[in-house]
Amino acid sequence: MTTPASSPLQALARIRPDVRAMHSYVVQPSTGMLKMDAMENPFRLPAHLQAALGQRLGSVALNRYPGDRIADLKAALAQYAGMPEGYGIVLGNGSDELITLLALACAQPGTGQRATMLAPMPGFVMYPLSAQLQGLDFVGVPLTPDFELDEPAMLAAIEQHRPAITYIAYPNNPTATLWDEGAVQRIVDAAGAQGGIVVMDEAYQPFASRTWIDRMRAEPARNAHVLLMRTLSKFGLAGVRLGYLIGPSAFVSEIDKVRPPYNVSVLNCEAALFALEHSEVFAAQAAEIRVERTTLIAALRQMPGVEKCWDSEANMVLIRVADSAKAYEGMKNRKVLVKNVSTMHPLLANCLRLTVGNAEDNAQMLAALQASL
């Protein structure tokens, strides 16, 4: 009996049409480049800590699944973040996985009624992507032209769409904006009145002047529907891939049900515990980055050809130039990678996003930008 020949094109037809129409997330090649496009901490561990970490990771039982050390990591993160009493933590492989888990937990498959996710835009690309992949409708509410929250538009959208999940990036990516606390609380209240969840995404918290966890401690009843999401990527462990979600214990235990078992490796767990034991080293790095941010913004505002430079509460700075594509390519030719965000949203026309690095990196980036304008 002859077996029919198979065709890759026939098999590809089994993949969802919307997935086939998507573009994958592409990381720019960076060999030989100054990488200022991904908001990474520019500082490596001091040599003595590198040696201590290497020795510690070398003793990890790689033949065993993650076990009790995960509980130790949760306890360390709870202490580090100042988690309120009665709250719990879910761990993720970066905050990206947590965003996926939240969408998965709130989707309504088979009910005939799709859940909705809502967020201010421009914002983090993973919000609409996770909504699409998990079968939620996504509503993006435009910011003002100066990247502030459009509070009336947000309140109207919440009333109209009754979102299951509302994301507030605090500070926002790519604008580096930390929005007005009162406006954010009114949006939180409105979402709660509709029975929705609010996720405060604090990926850039080490560089911000305030955190929503203070409101969660001060007014727990008013923020009982709020989840706080953070990552250790901007803390200084981008390569470790560890995010965490804090919320009332009964709440986060439901999210934890859709988490894959053993989603945080023993190596990631041990590296994170080590870093938290030396949190003062990373706090000093963040403080230095905040100082360099002030110097960088001042230089950008004096540079001919930079039409606008926005304030920043993160380790990135958003600028507008006359021709972002030309400036981006010019900097790339000069071996400096930044992020051209101009096609992400109409409000970002001719905008570039620059990572804040150390003094040497920032000087090299400024020189490349000036030569490319």
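Predicted model: local features only at pLDDT ≥ 70, side-chain atom pairs only at ≥ 80, totals over all residues.
Helix α8 spans residues 181-193 and has 13 residues. From first C-alpha to last, α8 reaches 18 Å, close to the 18 Å expected at 1.5 Å a residue. Buried positions in α8 are Ala183, Val184, Gln185, Ile187, Val188, Ala190 and Ala191. The cover over these buried residues includes two helices, α7 (151-161) and α9 (213-218). It also includes the strands β5 (165-169), β6 (197-201) and β7 (226-231). The N-terminal end of α8 is capped by Asp180. A side-chain oxygen of Asp180 lies 3.2 Å from the backbone nitrogen of Gly182. Gly195 follows α8 and has a positive phi, near 80°.

Glu202 sits in the loop between β6 and α9. Its relative accessibility is 1%, under the 20% limit, so Glu202 counts as buried. The side chain of Glu202 makes a polar contact of 2.7 Å with that of Thr211. Beyond its neighbours within four places in sequence, Glu202 is in contact with Tyr170, Thr211, Trp212, Ile213, Leu228, Met229 and Arg230.

Several loops carry backbone features of note. A cis peptide bond joins Met121 and Pro122, with omega about 5°. Pro122 lies in the loop between β3 (116-121) and α6 (126-134). Another cis peptide bond joins Asn173 and Pro174, where omega is about 20°. Pro174 belongs to the loop between β5 and α8.

Positive phi values also occur at Phe147 and at Arg162. Phe147 is not a glycine, yet its phi is near 70°. Phe147 is found in the loop between β4 (137-142) and α7. With a relative accessible area of 0%, Phe147 is buried. Arg162, also not a glycine, has a phi of about 45°. Arg162 is placed in the loop between α7 and β5. At 52% relative accessibility, Arg162 is exposed.

The model contains 20 salt bridges. Side chains of opposite charge can pair when their charged atoms come close. In the pair Lys35 and Asp37, the closest N and O atoms are 3.1 Å apart. Lys35 is partly exposed at 24% relative accessibility, whereas Asp37 is buried at 8%.

Asp72 and Arg69 also form a salt bridge, with closest N and O atoms 3.1 Å apart. Both residues lie in helix α4 (residues 68-81). They are 3 residues apart, so about one helical turn separates them. Asp72 is partly exposed, with a relative accessible area of 34%. Arg69 is partly exposed too, at 35%. A network of salt bridges links Arg69 and Asp72 with Arg56, Glu270 and Glu277.

Arg301 and Asp311 meet through their side chains in a salt bridge of 2.7 Å, N to O. This pair links distant parts of the chain, 10 residues apart. Arg301 is in helix α13 (residues 279-302), and Asp311 is in the loop between β9 (306-309) and β10 (316-321). Arg301 is partly exposed at 44% relative accessibility. Asp311 is exposed at 55%.

Leu9 is located in helix α1 (residues 8-12). The relative accessible area of Leu9 is 66%, and Leu9 is therefore exposed.

Note on methods. Residues numbered from 1 in each chain as written. Heavy atoms only, no water. Helix = DSSP H or I, 4+ residues; strand = E, 2+ residues; numbered from the N terminus. Buried < 20%, exposed > 50% of the residue type's maximum accessible area, 1.4 Å probe, protein only. Expected span 1.5 Å × (residues − 1). Contact = heavy atoms within 4.5 Å. Polar contact = N/O pair within 3.5 Å; in protein donor to acceptor, adjacent residues only side chain to side chain. Salt bridge = Lys/Arg side-chain N within 4 Å of Asp/Glu carboxyl O.
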